[in-house]
Amino acid sequence: MNEVVGDHDILLVTLDTLRHDVAVELAAEGRIPNLARRLPGGRWEKRHAPGSFTYASHQAIFAGFLPTPAEPGPHPRLFAASFAGSETTAERTFVYESPDFVSGLAGAGYRTVCIGGVGFFNKQGPLGGVLPGLFQESHWEPEFGVTSPRSFENQVARAEEVVAALPAERRLFLFVNVSALHQPNWFHLPGATREAGDTRQTHAAALEYVDRHIGRLFAAMSSRRRCFAVVCSDHGTAYGDDGYTGHRLGHPSVWTVPYAHFFLDPGKAQR
């Protein structure tokens, strides 16, 4: 990361609430081609979430604790605050003196921009302003939120505007919290109804919807220079698994998440 920071643009996408098993199935079945072609080996990496719901997980992620590989460690981190005795800070880790890597990247000359999705990014109250407040610039509108059937398209359009407005020489760290997977998501599956509610199948349809538009985001972020991208879930969610529904609970459907990081090269088709 010390070779990336200061040279590349950086993109972090959290596919809020995305289950690992659904992500793996759709990649294997060829249902998310735009994401799958970016995944190393065409596969998601299995990891453990740092929190069981959005606020807790993102506080950890921004502190440098991205989802942890689901195998014995230790696992060196990409980003880490300067901390005596840290066992996951390695020679290649980008180390910063601030409490979070958002401000650490700002200190390294990056323009830090948040495009929010779920309610913890809506800036409509004190709690909804905490996570966006870490960034120099933040965006949220109801059209980016969980109730909009076109939320991700709207978020991507704003990302394109952000990239276009930034001076070419300024490095960019863009964070996008994708709300489309989160409940309610029934409207992404043709034939589904509000009365029937959300299911594992509508959750999968929401990921297919995101995949249809994520190429535009990748294209925008690689339009200026090489970009390092992290795409992951912050936590999963239960749809009746062992009797559980939702998240903020300790079940494998919540704690197990998909993760990938990769480079986006300028001039290459991203769709």
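Mentor: A definition is needed before we begin: helices and strands here are DSSP runs, a helix having at least four residues and a strand at least two, and they are numbered from the N terminus. The model is a predicted one.

A compact globule of 271 residues would have a radius of gyration near 18 Å, and the chain agrees, with 18 Å. Its C-alpha trace spans about 50 × 40 × 40 Å along the principal axes. Of the 271 residues, 53% count as buried. Among contacts with a separation of 6 or more, 72% are between residues 24 or more positions apart.

The loop between strand 1 (9-15) and helix 1 contains T17. Phi of T17 is near 80°, a positive value in a residue other than glycine. Most residues other than glycine have a negative phi. T17 counts as buried because its relative accessibility is 0%, and buried means under 20%.

Helix 1 itself covers residues 20-28, and its buried residues are H20, V22, A23, L26 and A27. These cover an arc of only 165° around the axis, so they lie on the same side of helix 1. The general rule is that an α-helix has 3.6 residues a turn, so residues three or four places apart point the same way. Against what do the buried residues of helix 1 pack? Their partners are strand 2 (45-48), helix 6 (200-221) and strand 12 (256-264). Just after helix 1 comes G30, with a positive phi of about 75°.

For comparison, consider some loops elsewhere in the chain. D242 lies in the loop between strand 10 (238-241) and strand 11 (244-246), and phi of D242 is near 55°, again a positive value in a residue other than glycine. Is D242 buried or exposed? D242 is exposed, with a relative accessible area of 69%, whereas T17 counts as buried.

Two peptide bonds also deserve attention, since most peptide bonds are trans. The bond from G73 to P74 is cis, with omega near 10°, and P74 is placed in the loop between strand 3 (68-69) and strand 4 (79-81). The bond from Q183 to P184 is likewise cis, with omega near 0°. P184 belongs to the loop between strand 8 (171-178) and helix 6, and helix 6 is one of the elements against which the buried residues of helix 1 pack.

Definitions and conventions
Residues are numbered from 1 along each chain as its sequence is written. This is a predicted model: local features need pLDDT of at least 70, side-chain atom pairs count only at pLDDT 80 or more; totals for chains, interfaces and linings use all residues. Side-chain values use heavy atoms; hydrogens and water are left out. The radius of gyration is taken over C-alpha atoms; the globule rule is 2.2 Å times the number of residues to the power 0.38. Buried means under 20% relative accessible area, exposed over 50%, partly exposed in between (1.4 Å probe, protein chains only). Contact means heavy atoms within 4.5 Å. The arc is that of the directions from the helix axis to the C-beta atoms.
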